[in-house]
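Hi everyone, thanks for making time this morning. I'd like to walk you through one part of a fold, so let me put it up on the screen.

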Amino acid sequence: MIGPETEHRAKTAAALLDWYAEMGCTEAVDESGTDWLAKSNTAPGDDVRAAINALTASSSAQTSTGASSPSGSSRYAKSSSPPRPPHASNQPAPTRTPPSTQPPRAPSAARPAAKPAPADGAVLEARIAATAAPTLEALSAAIASFDGCGLKRTAKNVCVFRGAETARIAVIGEAPGRDEDLAGKPFVGAAGQLLDRMLAAIGLNEDNTHITNVVYWRPPGNRAPTPQEVQTCQPFLERQLEMVDPDVLFLMGGSAAKQIFATTEGIMRTRGKWRTVNIGGRERRTLATLHPAYLLRTPSAKHMAWKDLQAVRKLLAE
C-alpha cells in the first residue's frame, strides 16, 4: 500500500512535469537518464533542503534578542517553516526589524501583453496561395484546400462568397453560422435574410453586391473568430477584394470592423463613421454598421443601422 508521503511526492512530481510541459520544456537536457538511486539512498534535492533548513534556523536565531534554546535550534533545523509562537511565554519578544529607510525600488516595467498571432507559416502559406490565384474561382479552390486555419477541422463546408463577382460594394461579415456551414454560402440564415432586406431597402441585391466574411469556416458553437483565425484568413480576403474591386466596403459587426480598421474599438464606437482603407493598392471608402444577428436580438437598434444604410445609399449615388 502506498503511504501518504509517497503519494504526495508522486503528485508533486506529476505537477512539476505538467508545469515543465506547459512552459515548453519537453526534452531532457541529458541524452540519457540518470539513475539517482545508484548515486545514493537520498532523494535528489535532500541536500538542498537541508541547507535551506540550516539557513532558516541561522536567520531565525539572529533576529531574536535572546539566545535560542538547543531544543529550539533543533526544531528549526528539522523543519523549513518556523514554529508557531507560544500562547504565553516569559521569554523576551523578538525584536522586529525596523523598516528600511531606502526608497522603494521602482517596479520593473511590465511586459506588454503580446497580441495573439497566428503561426507565421500558415499566414505565409495563405499569402502564397492567394497571390497565385488568378480568378475568384481559383481563389475559392485555394481556400477550400487550405489547411492552415483550425476552423476547417470542425466545419462542414467552406463559405467564400455569394453575389456578384465584381461589384461597387462588398459586404463583409464576421463568420459563417450553422445555416451557412450547411449551405456553403455566407449570410443565408435568419441574419442573412435580414441583410437581404436591408440591402433591398437601398436598391442592392446579389446582382450588384459581393457578400463575404473575414473567416471562411464556421467557428464551433458560433463563437466569434479569434484574432489568429482572422489573421490567417486575411491574405485570402485581401486578394478576394482586390479582384472584386469594390468602391465601398460595408462592414457587418465588430469582428469585421476590428479587422478591416485594425482597431480594438467596439462596434458602437466605429459604426456610422466613414473611413478610407487601402486594399490592393487602392483607397476604398468603408463604413461599419451593426450585424444583422445583433439586430435580430435587439430590434431597438435598427434605427442606427438604417442611418448607416442611408449613408451608403448616398455615397453610391454620387
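Have a look at β2, where both faces are covered. On one side sit Ile 169, Val 171 and Gly 173, on the other Ala 170 and Ile 172, and all of them are buried. That accounts for five of the five residues in this strand, 169–173. Do keep in mind that this is a predicted model.

So who are the neighbours of β2? With β3, residues 209–213, β2 pairs in the parallel sense over five bridges. Ile 169 stands opposite Thr 209 there, and Gly 173 has Asn 213 as its bridge partner. β4, residues 248–252, also runs parallel to β2, joined by four bridges, and Ala 170 is partnered with Leu 249.

Zooming out, the open sheet has six strands in the order β1-β3-β2-β4-β6-β5, with mixed pairing. β1 and β5 stand at the edges with a single partner strand each, so one side of each has no neighbour in the sheet.

Now the helices. α10, residues 254–261, packs on the sheet and touches β2, β4, β5 and β6, its direction making about 135 degrees with that of β4. α13, residues 302–317, lies across β2, β4 and β6, at about 155 degrees to β6.

Lastly, the largest nonpolar core: 60 residues, with Trp 217, Phe 236 and Leu 251 having the most contacts inside it. Helix α9, residues 227–244, gives the largest share, seven residues. As for Leu 251, its contacts beyond four places in sequence include Ile 172, Ile 260, Phe 261 and Leu 287.

Terms used:
Residues numbered from 1 in each chain as written. Predicted model: local features only at pLDDT ≥ 70, side-chain atom pairs only at ≥ 80, totals over all residues. Heavy atoms only, no water. Core = buried A, V, L, I, M, F, W, Y, C linked by side-chain atoms within 4.5 Å. Buried < 20%, exposed > 50% of the residue type's maximum accessible area, 1.4 Å probe, protein only. Helix = DSSP H or I, 4+ residues; strand = E, 2+ residues; numbered from the N terminus. Contact = heavy atoms within 4.5 Å. Pairing = 2+ DSSP bridges. Axes fitted to C-alpha atoms, helices over the stretch in contact; angles between N-to-C directions.
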